[in-house]
Amino acid sequence: MSEWKDLRIGDIGEVITGKTPSKNNPEEWGTEMPFITPSDYKSYRKFANSSERKLSRAGIDRFSNKVLPQNSVLVTCIGSDMGKVVINKIPVVTNQQINSIIPNTDIITSDFLYYQLVNIYDTLRVYGGDGTAVPIVNKSDFEGIELSLPLIPEQKAIAGVLSSLDGKIDLLHRQNKTLEAMAETFFRQWFIEAKPQPSPNLSQRERNKIMKDESWEEKPLDEIADFLNGLACQKYPPKNEIEKLHVLKIKELRNGFTENSDWASTDIANEYIIENGDVIFSWSGSLMVKIWDGEKCILNQHLFKVASHNYPKWFYYFWTKHHLEKFISIAESKSTTMGHIKREDLSNSIVLIPEETELKEMDNSISPILDKIIINNRQIRTLEKLRGTLLPKLMSGEVRVNPGGMK
């Protein structure tokens with residue numbers, strides 16, 4: 001590593017701390033300039049190209065902070081999202097939770113800087129004040145953090161290896177999003193969208209097809225699937241460092257596991273073990289339904305594991321998802337701080353059951369789509385593990401890369 005150099009972040013580019021325009025001045029908000037906050041960071045996305053809010057032209061003119069040119073590197077430096085990193089591909093401004101670097105391209109590439117900052121996630125957490133209520137890395141401390149840099153050609157080669165993995169991961173995520181939308185479209189066409197009443201102008205065959213739905217059975221949601229509530233996992237602490245698994249809570253269901261996630265003993269009933277591909281329904285707090293795409297783990301209370309011996313996965317997944325908006329409304333109406341639904345709400349949610357032969361025909365169309373999503377999720381996890389293994393080795397120079405390949 002003789003040609004590698006240790007440089008401060010403040011020496012490799014200009015550091016900009018964002019700010020938030022006045023919420024009381026609607027003229028500053030509009031459609032012109034993306035306003036990036038940590039909520040715009042996606043867990044699998046390297047680039048930030050869109051945001052929930054934008055500034056108007058007047059807002060841009062009045063904004064006292066600097067507009068960040070494309071290929072700046074944006075790092076969250078306050079709060080629970082500390083250490084998340086993205087690159088902007090279009091000009092943006094940010095809020096005060098983000099320190100951004102406009103890199104000096106004679107010293108460092110944006111891609112290499114991105115991966116170096118991803119690699120020092122734990123360092124940023126330490127700078128932010130481990131154990132403090134609101135962790136924060138101020139601008140001067142951030143500028144003083146040192147990074148190791150090889151020459152530009154090797155930076156590009158290293159970033160190329162990692163970017164290739166990220167590109168494959170992103171492609172699989174986008175493919176899954178398309179596949180689920182396709183499957184849900186089938187479901188809605190068959191079960192949700194209003195069907196026309198038979199008309200005298202239709203053939204008898206067409207009339208029969210429409211009227212066939214009258215033979216469909218109605219059942220409560222909790223009769224087509226089992227809704228298994230999770231454990232109070234704090235009662236099952238790990239007995240050792242081997243026989244343990246992460247605890248799946250509401251936060252992890254949304255954002256995945258972190259170093260702060262809890263562990264529990266595997267000495268529990270097997271039905272509480274969650275595998276990639278299981279359907280999970282958060283019925284308390286932040287309600288959501290998700291096909292679990294993470295590692296093997298243990299189901300915590302406030303989450304249902306949804307499964308059925310009689311109906312295919314897509315059937316109970318999309319029916320639960322269909323009723324989710326109603327469940328959210330019920331939870332929000334509670335006077336408690338953590339809104340929730342009850343099992344009686346499942347019993348009051350009606351599901352349409354087609355005849356067996358028709359359900360099999362539907363299953364032939366949708367099950368392969370969900371199977372592909374689950375296969376993609378497993379491939380994503382494999383690629384993420386490979387990326388996680390390579391990242392610190394490449395960033396430290398333990399594994400060397402040049403334009404000819406890895407050493």
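**Before you start**

Residues are numbered from 1 along each chain as its sequence is written, and side-chain values use heavy atoms, with hydrogens and water left out. Because the model is predicted, local features need pLDDT of at least 70 and side-chain atom pairs count only at pLDDT 80 or more, while totals for chains, interfaces and linings use all residues.

**Whole chain**

Show the cartoon. The protein has 13 helices and 22 strands. Both are DSSP runs numbered from the N terminus: helices are H or I with at least four residues, strands E with at least two. Now colour by accessibility. Of the 407 residues, 45% are buried. Buried means under 20% relative accessible area, exposed over 50%, and partly exposed in between, with a 1.4 Å probe and protein chains only. Contact means heavy atoms within 4.5 Å. Among contacts with a separation of 6 or more, 75% join residues 24 or more positions apart.

**Stop 1: strand β2**

Select Gly13. This residue sits in strand β2, residues 13-17. At 18% relative accessibility, Gly13 counts as buried. Leave aside neighbours within four places in sequence, and Gly13 is in contact with Ile101, Ile102, Pro103 and Asn104. Gly13 and Asp106 are 93 residues apart along the chain, and their C-alpha atoms are separated by 9.9 Å.

**Stop 2: Ser56**

Go to the loop between β5 (53-55) and α2 (57-62), where Ser56 is placed. Buried or exposed, at 11% relative accessibility? Ser56 counts as buried. Show its side chain. A polar atom there lies 2.3 Å from the backbone oxygen of Glu27. A polar contact is a pair of N or O atoms within 3.5 Å; within protein, one must be able to donate a hydrogen and the other to accept it, and residues adjacent in sequence count only if both atoms are side-chain atoms. Beyond its neighbours within four places in sequence, Ser56 is in contact with Glu27, Glu28, Trp29, Gly30, Thr31 and Glu32.

**Stop 3: two positive phi values**

Most residues other than glycine have a negative phi. Select Asn71, in the loop between α2 and β6 (73-76). Its phi is positive, about 70°, although Asn71 is not a glycine. Asn71 is partly exposed, with a relative accessible area of 24%.

Then jump to His302, in the loop between β18 (297-299) and β19 (303-307). Phi of His302 is also positive, near 80°. At 28% relative accessibility, His302 counts as partly exposed.

**Stop 4: helix α3**

Select residues 110-119, helix α3. Seven of its 10 residues are buried, so the helix is largely enclosed by the rest of the structure. The buried residues are Ser110, Phe112, Leu113, Tyr114, Tyr115, Gln116 and Leu117.

Zoom in on Gln116. Gln116 is buried, with a relative accessible area of 3%. A polar atom of its side chain lies 2.5 Å from the backbone oxygen of Ser148. Which residues does Gln116 touch, not counting those up to four places away in sequence? They are Leu147, Ser148 and Met395.

**Stop 5: Asn138**

Asn138 is in the loop between α4 (121-127) and α5 (139-144). At 38% relative accessibility, Asn138 counts as partly exposed. A polar atom of its side chain lies 2.8 Å from the backbone nitrogen of Asp141. Draw a C-alpha distance to Ile98: Asn138 and Ile98 are 10.0 Å apart in space and 40 residues apart in sequence.

**Stop 6: α6 against α13**

Show helix α6 (residues 152-192) with helix α13 (residues 356-396). Their axes come within 9 Å and cross at roughly 160°. Axes are lines fitted to C-alpha atoms, for helices over the stretch in contact, and angles run from 0 to 180 degrees between N-to-C directions. α6 and α13 are therefore roughly antiparallel to each other. Angles under 35 degrees count as roughly parallel, over 145 as roughly antiparallel, 65 to 115 as roughly perpendicular and the rest as oblique. Colour the contact by residue class. The contact of α6 with α13 has 25 nonpolar, seven polar and six charged residues. Ala, Val, Leu, Ile, Met, Phe, Trp, Tyr, Cys and Pro count as nonpolar, Asp, Glu, Lys and Arg as charged, and the others, Gly among them, as polar.

**Stop 7: α10 against α11**

Finish with helix α10 (residues 313-322) and helix α11 (residues 324-332). The axes of α10 and α11 come within 4 Å and cross at roughly 45°. That makes α10 oblique to α11. Select Thr320, Lys321 and His322 of α10 with Leu324, Glu325 and Phe327 of α11, which make the contact. These residues divide into two nonpolar, two polar and two charged.
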